Amino acid sequence: MTQLTLPRLGFIGAGRVSRCLAPAFARAGYPVTAIASRTLDSARTVASQLENCQAYADPQQVVDTVDLVFLTPPDDQIVPSVNALQFGPSESSPNTTRAWAIVHCSGASPVSLLDSARAQGAATGGFHPLYLFGGSVEDIERIAGCSVTLEAQGTLKKTLIALTAALGCHPLFIPPGKRMLYHAAAHYASSFALCGLAEGTRLWQTLGFSQADALRALLPMLAGTLETARDRGLAQALAGPVSRGDTGIMQAQLDLLEQCGGDHAALYGLLSRRAVDLARERPTPPVALDEIAQMVETSLERSLLQARDISPIKASRQ
Ligand SMILES: NC(=O)c1ccc[n+]([C@@H]2O[C@H](COP(=O)([O-])OP(=O)(O)OC[C@H]3O[C@@H](n4cnc5c(N)ncnc54)[C@H](OP(=O)(O)O)[C@@H]3O)[C@@H](O)[C@H]2O)c1
């Protein structure tokens, strides 16, 4: 492959990530020519949405027919999958060229999981889109503007940067060996934001709201908060009693959540600690911030112990 020739792309694993990346690369003009999965049906579903893309029962046929392989099974299937693949010249047909590179899309797993391919001469790398894939066609539009964390060297690095740009995304690089912390931290912008909403809706359900009603009210609030954070930064977007130094409200809410049982007060207290940190970053922090910080710590001394004893599920079902 030269830099002027777009690489033929293939996927092994026809799940949520490849249902977005395969058509998104194809729309950007890259030839996505082969896909395999655990089941042929899943591979056919993705291939049928692309022009000139072949679904294969055997993942090796993807390696045998493309330049760059995206390995996209669940993380615990990366090693068994790559270990079963042959790179380099084929013994039966030595003139056949196999894929020269393979990447996985995991944020947490090291690129060294692909070492068996590397040992056979393939370039290996990581291509982790910072996006929560739901598996629907909307993902193909929504992924533009996201970041993709890349790990690769030489030609593969250049190729992955070009592929990232083709998606309308930004390349991101992290120091080697730091993927686990990077990935853990990214949960706060994806699944843990959902967990925050889940906690809010669960507490509202005790007031008689359905989850759907609660979400209808809370989702626009979250969307507005994100817009403000983007425009003004985290500290300036902070709202609520910590941001105002409202000691009376804060004490009442900590007390009430302790009465709810489970780990409701512990979760509220730990997040309030972070809110205090953010409020301190404001040009003029609220006067009562130290008092609120002390309240939070006093509540946490009790609520962290309480959280060990009763699960929140039990507490809310009581
Ligand atoms: N979902 C996200 O938001 C997200 C975001 C960034 C990165 N990632 C990473 O992307 C990778 C794929 O995640 P995903 O969410 O797309 O997973 P997924 O939706 O669970 O899909 C995984 C697919 O892999 C197939 N598969 C399972 N075992 C296989 C094997 N041994 N060989 C070949 N195919 C196999 C499954 O097969 P069948 O359908 O054929 O049964 C399924 O279609 C993971 O490394 C994940 O960490 C995910």
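A: Let's start with helix 1, which lies across strand 1 (9-12), strand 2 (32-36) and strand 4 and runs at about 165° to strand 2. Keep in mind that this is a predicted model. Helix 7 (residues 154-166) packs on the sheet too, touching strand 4, strand 5, strand 6, strand 7 (147-151) and strand 8. Its direction makes about 25° with that of strand 6.

Now the sheet itself: it's open, has eight strands in the order 3-2-1-4-5-6-7-8, and the pairing is mixed. Strand 3 (54-56) and strand 8 (170-173) stand at the edges with a single partner strand each, so one side of each has no neighbour in the sheet. From one strand to the next, the twist averages 25°.

Zoom in on strand 4 (residues 68-71) and strand 5 (residues 101-104), and you'll find them paired in the parallel sense over four bridges. V69 has its bridge partner in strand 5, namely I102.

Then there's the ligand. Helix 1 (16-27) comes back here: along with helix 4 (78-83) and strand 6 (123-129), this helix supplies at least two residues of the shell around the ligand. That shell holds 26 residues, and the closest are G13, G15, S37, S42 and P73. By type, the shell divides into eleven nonpolar, twelve polar and three charged residues.

Technical notes:
Residues numbered from 1 in each chain as written. Predicted model: local features only at pLDDT ≥ 70, side-chain atom pairs only at ≥ 80, totals over all residues. Near = placed C-beta within 6 Å. Nonpolar A, V, L, I, M, F, W, Y, C, P; charged D, E, K, R; others polar. Pairing = 2+ DSSP bridges. Axes fitted to C-alpha atoms, helices over the stretch in contact; angles between N-to-C directions. Contact = placed C-beta atoms within 7 Å.
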